Amino acid sequence: MGYMKVIGDTINQGQYLITGEGGKMTRGIRCLAICSWGYIRNKELLINKDSKGFNHASYKTSTIVRPHEPVSLNGDHTHFLLVDNGMRGTPTGAAELRAKLEERIADPGVGGLGIPVILLILEGGLGVIVDVLHSLRRGIPVVVIRGTGRAADIIAFAQCEVAKRSRQQPQFRSATRKRLKQMLEEAYNKSHRGTQEELHSYVDKLEECMEFVDLINVFDLNSEQELDAVILNALMKESGITEDSLLPMEPLQLALMWDRLDMAEKIFSGRHDWPPGCLDDMLTETLLSNKVDFFNLLVLNVVFLKDYLNVRRLRLLYNLASSARSSLRRAMERLGMATDSTTIHLRHVDRLLTHILRRHEMELYDRDDPRPTHRDPKLDEMQFQEPWDELFLWAVLNCRQLLARHVWTRTSSPVTFAVIATAIYRHYYDSTSSDNNHMRDMFEAHFVEFKKLSVELIHVCYERNSLQAVSLAERRQERLGDMSVTLLAMFADNRAFLATPCSYESITQTWMGAIRKASSSVICLAIFCPLLVWTRAVRFLPLGDSGGELGPFQKLLAFYKAPFTKLIGNAISYAAFLVLYTYMILFDFRFEMQLTEKIVIFWIFTMCLDVLRQITTYPSETLQGKLADWIASIWNKFDFLTLLLALLAFCLRMFTITFPYGRIAYSLNTCILYIRAFRFYHIVFKLGPKLVILYRMIDEVFNFMLLLVVFILGYGVAAQALLYPVRPFYLYVFKDIFMVPYWQMYGELQLETTEAPESEVCYDSSNSGQICEDITHYAQVVPPMLAIFLLIGNVMLLNLLIAVFTEAVPAASSGQPGCVRARVYGVFPTTGEGSQVEPDGRKASEN
């Protein structure tokens, strides 16, 4: 009371619009005002003159308030309840109705809403004392803000005087009554229109209010108290439950609702015997409202998370936390699983995690089948071995970053789950449309946070114990289908984790296998001369913890199974294949198939088998996932194109009529086969970053061509139309339109093409007979057009492309996030012994 305008101004500042039923826009914040009809200015404008229906009222609000005169309605309120008790010119009649309405709202029984109600007193006139009395009679607590003046200070003084004495004696002493009369006179003498006796009669109303002194709470503006804490204490006292009660559930619920952690801690400090499961619903509410401090308080004091989090409750959390358009729902819809009206089961979550992480093996998730015929009734109450892990995945999948950050510290393997979080957020980022910048920025921020956590934690582990840290990076995670965290980091594009010394050492050990020390030249020679393996030029790791040495046969086996040896052998083999292929296409390609071509075809067939082997070694469980991971590599794209062209060339060369096209296909495949040799360059420290630069420039070249083609076509079509005004249609006209301007831009001017081939051209017209056009006039326009075209193409566009490349080269070749200043090889361990997964060169070389 006494702050209606302040409330209205506050609502006006925070107001927003929402779309209601039928597409109608309505205000999102609702504010109901209960007003006395007899004290409303211009109330006749609100009278409906149409007895058969309702009309909109045109009412003009005003901020001018004059003493003892009706006031205008506050336009910042959304609804008004007008009360008429027959009195005019006085603000009476609404107080009793307001108190009854508040009582019904606060009533938890049948017909009530069970919503806590409180009366806040800020300054106020004499009517406020009457309002307070009506509210106190119905058990509604009152909070008085002392220091705001008038009614608030008078009620606070009366409460303080009564609180000093016994609660059974609410009557005022004579000194108190005298002081209250004096305060009433000082506050209302100028505004009160009644007699002095009528003003003093409010002392009796104040005395009646003190019969409910327990419901009156005073907040001093000059104290260090917090207003929300005083209001919460008032609601707790109104509920009739004290801190010493057996189970203070309602005060705890209020503390959670008001986000008052200090009050909740005060409740838990009491001696209460909490039965198991009594706070499970409250813990669910804290998780859904993302209140990390309350969650931590409940888990530390009462709730045992392993008993709380069973299959049924985790399924419930997924369904309550994900709205119709949440990131989790959208990710599932893209996989064809859950729609807006479908209940999320853990089997859906398992399929999503399998799609994101490539492998996810969790029995309880897989058994939670949405089909009624496959549902196990005992499954709902089954508990998880590591409930913190499941709660962390729930928080990350629902983008509750604060909670995920807190729960992450309690997971069974923080390094692994930090990398899992980066994989999930990277998937969300990549699957979000580019025009949704807000969501993409949020996912990117979450990804960066967990990326930093994974890097910092693996650094700490490596500094304390490097051997155990490397084993942690190489450990096969049962939940991830025996996939290591290093391999998961590659799929998650967590290049900062791959660039850490721990990951570098892990990858190097996997890369070299059992070889401890050997130069590249020695390994190349040892491939052809196995006797070098038994010399001191090649040193091997000790055998087991005892430090024993490998036997001669074990050394040979370990040498040839090392990924580094395999790569060098593969590079030598591929170089021999290129030599044979070059000889075949230059000197030995005939319609009758020669021996060299047969060897080449067989060699390409073995390459096809190796591609199939690579696809099967990828950790994804589905064939579609394996193919998607394989084709994501730029080198594998070259492999696919090579095999496709080889198959096309083989089919075309088998027939006489298509044999020339087969030669063309074989020749084009030569270019791709030589470019494919770059895959052996990207592991080299100096050449790898250069490939990254080249790869990044491809996009800029394509963008440049999109700009250039407009000018080429514009000039080419105009020049051909002027030089050859009359000629029949033929397909090679597109060559003249496009290729001539294209080569002119690079310096092959071909100025003879800008001259008129004939002096004039004549053709017959049905109306005017023969018509002749002088082409020499047209040819005079072409050289200026060529000059303008070359100016734009050479000077502007080519220099623009050079500037873009100049900007890209330092960023990629320096220590910035362009490339790793360490040797990150393109071979990563998978589930099978000796198998390998080759990432694309960008991921292997960039940081």
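Entry 1, helix 21 against helix 25. I took axes as lines fitted to C-alpha atoms, for helices over the stretch in contact. The model I am reading is predicted. I looked up helix 21 (residues 437-464) and helix 25 (residues 501-512): their axes come within 8 Å and cross at roughly 70°. Since 65 to 115 degrees counts as roughly perpendicular, helix 21 is therefore roughly perpendicular to helix 25. On the helix 21 side I noted Ile-458, His-459 and Tyr-462, and on the helix 25 side Pro-501, Cys-502 and Glu-505. By class this contact has 4 nonpolar, 1 polar and 1 charged residues.

I then checked helix 22 (residues 466-474), whose axis comes within 9 Å of that of helix 25, with a crossing of roughly 70°. That makes helix 22 roughly perpendicular to helix 25. Helix 22 contributes Ala-469, Val-470, Ala-473 and Glu-474, while helix 25 contributes Cys-502, Glu-505, Ser-506, Gln-509 and Thr-510. I sorted the contact by class into 4 nonpolar, 3 polar and 2 charged residues.

I traced an open sheet of 3 strands in the order 5-6-7, with parallel pairing. Strand 5 (119-121) and strand 7 (216-220) are the edge strands, each pairing on one side only. From one strand to the next the twist averages 20°. Strand 6 (residues 142-146) runs parallel to strand 7 and is joined to strand 7 by 5 bridges. Val-144 stands opposite Val-218 of strand 7. Helix 4 (residues 150-163) packs on the sheet and touches strand 5, strand 6 and strand 7; the direction of helix 4 makes about 110° with that of strand 6.

My search of the whole structure gave 25 salt bridges. One of them joins Arg-177 and Asp-204 at 2.8 Å, N to O. Arg-177 is in helix 5 (residues 174-188) and Asp-204 in helix 7 (residues 202-209), 27 residues apart. Arg-177 is partly exposed at 23% relative accessibility, and Asp-204 is partly exposed at 42%. Arg-177, Asp-204 and Glu-207 are linked in a network of salt bridges.

I next looked at Arg-315 and Asp-380, whose closest N and O atoms are 2.7 Å apart in a salt bridge. Arg-315 lies in helix 14 (residues 311-321) and Asp-380 in the loop between helix 17 (363-367) and helix 18 (387-397), so the pair ties together parts 65 residues apart in sequence. Arg-315 is buried at 14%, whereas Asp-380 is partly exposed at 22%.

Last, I looked up Arg-358 and Asp-629, which meet in a salt bridge at 2.7 Å, N to O. Arg-358 sits in the loop between helix 16 (346-357) and helix 17, and Asp-629 in helix 30 (residues 623-631), 271 residues apart. Arg-358 is buried at 17%, and Asp-629 is buried at 9%.

Technical notes
Residues numbered from 1 in each chain as written. Predicted model: local features only at pLDDT ≥ 70, side-chain atom pairs only at ≥ 80, totals over all residues. Heavy atoms only, no water. Axes fitted to C-alpha atoms, helices over the stretch in contact; angles between N-to-C directions. Helix = DSSP H or I, 4+ residues; strand = E, 2+ residues; numbered from the N terminus. Parallel < 35°, antiparallel > 145°, perpendicular 65-115°, else oblique. Contact = heavy atoms within 4.5 Å. Nonpolar A, V, L, I, M, F, W, Y, C, P; charged D, E, K, R; others polar. Pairing = 2+ DSSP bridges. Salt bridge = Lys/Arg side-chain N within 4 Å of Asp/Glu carboxyl O. Buried < 20%, exposed > 50% of the residue type's maximum accessible area, 1.4 Å probe, protein only.
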